[in-house]
Amino acid sequence: MILYPAIDLKDGQCVRLLRGEMSAATVFGDDPAAQAAKFEAAGCEWLHLVDLNGAFAGQPVNGAAVEAILARCTVPAQLGGGIRDMATIEMWISKGLARVILGTVAVENPDLVREAARAFPGKVAVGIDARKGFVATKGWATETTVQATDLARSFEDAGVAAIIYTDIDRDGAMQGPNIDATEALARAVSIPVIASGGVSRMEDLIALRDTGIIAGAISGRALYDGAIDLTTALQALKA
């Protein structure tokens, strides 16, 4: 199982939100590229980047910070937030991004996901963010009547590289991930599922790994707080 250290970008800074609330942001640093370099030095295989302002604006906002990370690091990075048209997808991939994450647009324009997955094999993931099983979009500000499992299944034949599943109520709360819901989703589809939201201690990572079906896990706050030591975690997950 791959561990993805998270760098959430708001106003050019590294932050973590509590349950997706922009007003509940904790700033962890003002040099995202330096933070990314620390994660890379610790041995991570991937980076998970989120343009929080972009998720609300519907277009890239923290582009300069993302480009600085791509320029400084050699490990592959995936990015979500504000990527809602083909031009933006093409732009990021041309700048060296390994994978774009399509969230809001996966609900509102699923044909774009299919088109992008065909155009850029292995470089398109779907971000499914859910509250109590129902998908939320536009930076989690808009709740829908779409069930997370139904949305995931609708992309079974699209060629997407992964599904990043976030349980919003667990995100940033340090209360542990929703392992049951994440495992159920992973077993409902053949697409690799990456868990996000609530990963707060080593035991969470081990429990996700031990499902035998979850392909990856994203952690942010726990790494910044020191609740999880990245190097130790990476070694444990390889064992």
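**Close-up 1. Arg201 and Glu203 pair through their side chains in a salt bridge, 3.9 Å from N to O.** A salt bridge here is a side-chain nitrogen of Lys or Arg within 4 Å of a carboxyl oxygen of Asp or Glu. This is a predicted model: local features need pLDDT of at least 70, side-chain atom pairs count only at pLDDT 80 or more, and totals for chains, interfaces and linings use all residues. Residues are numbered from 1 along each chain as its sequence is written, and side-chain values use heavy atoms, with hydrogens and water left out. Arg201 is partly exposed at 44% relative accessibility. Glu203 is partly exposed too, with a relative accessible area of 47%. The cut-offs are under 20% relative accessible area for buried, over 50% for exposed, and in between for partly exposed (1.4 Å probe, protein chains only).

**Close-up 2. Asp204 joins Arg201 and Glu203 in a network of salt bridges.** Asp204 sits in helix H9, residues 202–210. Helices (H or I, at least four residues) and strands (E, at least two) are DSSP runs, numbered from the N terminus. With a relative accessible area of 5%, Asp204 is buried. Its side chain reaches the backbone nitrogen of Ser200 at 2.8 Å. Leaving aside neighbours within four places in sequence, Asp204 is in contact with Gly176, Pro177, Gly198 and Val199. Contact means heavy atoms within 4.5 Å.

Close-up 3. An α-helix has 3.6 residues a turn, so residues three or four places apart point the same way. Glu183 is partly exposed, at 22% relative accessibility.

**Close-up 4. Helix H8 has a buried set of residues: Thr182, Leu185, Ala186 and Ala188.** They cover an arc of only 165 degrees around the axis, so they lie on the same side of H8. The arc is that of the directions from the helix axis to the C-beta atoms. Asp180 and Arg187 are exposed on the other side of H8. The cover over the buried residues of H8 includes helix H7 (148–153), strand E10 (162–167) and strand E11 (193–196).

**Close-up 5. Lys95 and Glu67 meet through their side chains in a salt bridge, 3.6 Å from N to O.** Lys95 lies in the loop between helix H4 (86–94) and strand E6 (99–102), and Glu67 in helix H3 (residues 63–72), so the pair ties together parts that are 28 residues apart in sequence. Lys95 is partly exposed at 38% relative accessibility. Glu67 is partly exposed at 36%. The count of salt bridges comes to 11.

Close-up 6. A disulfide is a pair of cysteine sulfur atoms within 2.5 Å. Cys73 is in no disulfide either; its nearest cysteine sulfur, that of Cys44, is 7.5 Å away. Cys14 is buried, with a relative accessible area of 1%. Cys73 is buried as well, at 10%.

Conventions:
Polar contact = N/O pair within 3.5 Å; in protein donor to acceptor, adjacent residues only side chain to side chain.
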